[in-house]
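Hi,

Here is the model I said I would pass on.

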Number of protein chains: 2
Amino acid sequence: MTAAHDFGAWMKSIQASVEGALASFLPDAAVVPTRLHEAMRYAVLDGGKRVRPLLVFAAGELFDAPAATLARGAAAVEMIHAYSLVHDDMPCMDDDALRRGKPTVHVQYDEATALLVGDALQSQAFIVLANADAEPARVLQMVRLLGEASGSAGMCGGQAIDLDSVGLKLSLEALEQMHRLKTGALLRASVLLGAWSGKPLDAAEQQALDTYARAIGLAFQVVDDVLDATADSATLGKTAGKDAADNKPTYVSILGLEASRALAEQLRHDAHAALAPFGDKARRLRELADLIVQRQA
Amino acid sequence: MTAAHDFGAWMKSIQASVEGALASFLPDAAVVPTRLHEAMRYAVLDGGKRVRPLLVFAAGELFDAPAATLARGAAAVEMIHAYSLVHDDMPCMDDDALRRGKPTVHVQYDEATALLVGDALQSQAFIVLANADAEPARVLQMVRLLGEASGSAGMCGGQAIDLDSVGLKLSLEALEQMHRLKTGALLRASVLLGAWSGKPLDAAEQQALDTYARAIGLAFQVVDDVLDATADSATLGKTAGKDAADNKPTYVSILGLEASRALAEQLRHDAHAALAPFGDKARRLRELADLIVQRQA
């Protein structure tokens, strides 16, 4: 069995187990309000590469975290991610009709339902995480991590900076700050939730994982920008070329295509370097850094 | 000093202390993203009767809860309440331009900002609560209570049922279920967060407070419907007569005005009865039940 095959099998098994966890942690579509619950499940289930859950489980391997705790952390970050997509796609934000190859929630249902789906998914994420079976002090720290990554110092803050920058010429530093919050914060939370599912982190461990998370977070966005500029909608499962059409600043628009690709490769190297202290236990985190940079969609 | 005066002074002092707590627990408007942070503060500060924070503090008196823990519970429920108003007022929901006598957030700022303000306020509520200074297991239980009250089994679920019932003839039971989730769940959470700020509740205490909370929650909505049908916009600080104009089912449309008023009075009586086991410690909770039924706005 080659290493690549092995990683692929690991991914498939985590993705399947996360799909099961999400299905069980989402409200039953037969329970009132049925339309809301059906739409919540539509927004979350059967879609996406589950990059954040994969990071949770990969980081969990560092400290042999129990699968049940990891499943809650993974489901919680994925619910936050899914809610942000539902709200982002709404007409007052990106006004996107296609997501993960399916009609977006406000198209499939209606705008009011999309708004509530996002709101209820955020609550559900905190419920799922707060019910994790570990020492209360550790679970509480995980709740704080998820909250900070989601709110105005994290994902929502990054989206606000994004809104404010449409049509502006951003510096590379400003673009990096935006993405560090908009997508980086939740990717970082995924890594930290996985690690904290195993044990409380000391300062050195936290620092090493922060460095890793920061590198893959930026790499993720650089590659997103490269793909938006080069791939087609069918491959992406969402509308390609949106950034240029919306006049949004991107790594490609600032650095150009080749320099963006080189930056992604440099960040992949940085991510690997940060994991050195963890030795072989960090294998899945290394492979995920490679996946993030080398993905085609 | 009359009892009424005493209650008024207590309310004013709690309202002032909650305003200070909210101001300190909200992100600084000078911190990036400044527009989002300014809008979050606009949505929360300097407005409303703070009924939910008053309930938190009143319930806290049952078990001599520390003021610092109560301040976090109160700020958290008020942030959830404020976010729900911001999202409710958006064009895809109630499309309201006036709230607490001020332009609504999407009017004062824009729709995308209003969406993010609500999203970020929800995260902030969980951050504020998760940082409460009490035993982790108790704080975690409070986080669960807030999550359940906010999500699809609580407030968001009630709003979804509300959406689904516009234009329908609802039974009294269906109307009650909608309101039990839409407004009742967060009022109940306020009472329970206040009590849990003092100590873990036993089953009998939880049951008594549930009965109280259910009664005032329904009373709150019945009185809201009566006021919407009888008061003017200037007194309410929001657009009056909206329910009839939107063809929404209300207690007044189902029961009529006089029977609605009698129901509110009955619920006030039920709330008082439920508090009997707590004796004089429940004085503020009794007074709040009176306030909720007898308010004019």
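**Notes on the model**

B:Arg100 sits in the loop between strand E1 (98-99) and strand E2 (102-103) of chain B; helices (H or I, at least four residues) and strands (E, at least two) are DSSP runs, numbered from the N terminus. Its phi is near 55 degrees, a positive value in a residue other than glycine. With 15 C-beta neighbours inside 10 Å, B:Arg100 counts as partly exposed. For that label, a residue is buried if 20 or more other C-beta atoms lie within 10 Å of its own, exposed if 12 or fewer, and partly exposed in between, with C-beta atoms placed from the backbone.

Some bookkeeping before the rest. This is a predicted model, where local features need pLDDT of at least 70 and side-chain atom pairs count only at pLDDT 80 or more, while totals for chains, interfaces and linings use all residues. Residues are numbered from 1 along each chain as its sequence is written, and chains are lettered from A and ligands numbered from 1 in the order in which they are written.

You'll find A:Asp95 in the loop between helix H4 (67-88) and strand E1 (98-99) of chain A, and with 14 C-beta neighbours inside 10 Å it counts as partly exposed.

There are cis peptide bonds to check as well. One joins A:Val32 and A:Pro33, with omega about -5 degrees; A:Pro33 is in the loop between helix H1 (3-25) and H2 of chain A. In chain B, a cis bond joins B:Val32 and B:Pro33, with omega about 0 degrees, and B:Pro33 lies in the loop between helix H1 (3-25) and helix H2 (34-44) of that chain.

**Chain A overall**

Chain A has 15 helices and two strands. Its radius of gyration is 18 Å, close to the 19 Å that the globule rule gives for 297 residues, so chain A is as compact as a globular protein of that length. (The radius is taken over C-alpha atoms, and the rule is 2.2 Å times the number of residues to the power 0.38.) Along the principal axes, the C-alpha atoms fill a box of roughly 50 × 45 × 40 Å. Of the 297 residues, 54% count as buried.

Contacts here mean that the C-beta atoms of two residues, placed from the backbone, lie within 7 Å. Among those in chain A between residues at least 6 apart in sequence, 71% join residues at least 24 apart.

How do H7 and H9 of chain A run relative to each other? They are roughly antiparallel: the axes of H7 (residues 136-150) and H9 (residues 172-196) come within 9 Å and cross at roughly 170 degrees. The residues of that contact divide into 10 nonpolar, one polar and two charged. Axes are lines fitted to C-alpha atoms, for helices over the stretch in contact, with angles from 0 to 180 degrees between N-to-C directions. Angles under 35 degrees count as roughly parallel, over 145 as roughly antiparallel, 65 to 115 as roughly perpendicular and the rest as oblique. As for residue classes, Ala, Val, Leu, Ile, Met, Phe, Trp, Tyr, Cys and Pro count as nonpolar, Asp, Glu, Lys and Arg as charged, and the others, Gly among them, as polar.

A:Leu146 and B:Leu146 have the most contacts inside the largest nonpolar core, which has 201 residues. Leaving aside neighbours within four places in sequence, A:Leu146 contacts residues including A:Ile80, A:Phe126, A:Leu129 and A:Leu193. (A core is a set of buried Ala, Val, Leu, Ile, Met, Phe, Trp, Tyr and Cys residues joined through C-beta atoms within 7 Å.)

A:Arg52, in helix H3 (residues 51-60) of chain A, is buried, with 26 other C-beta atoms within 10 Å. Beyond four places in sequence, A:Arg52 touches A:Glu78 and A:His81, among others.

**Where the chains meet**

The contact between the chains takes 43 residues from chain A and 42 residues from chain B. H6(A) gives the largest share of chain A's side, 12 residues. That side divides into 25 nonpolar, 12 polar and six charged residues.

H8(A) is mostly covered, with eight of its 11 residues buried. The cover includes H4, H7 and H9 of chain A together with H2 and helix H6 (111-130) of chain B.

Cheers
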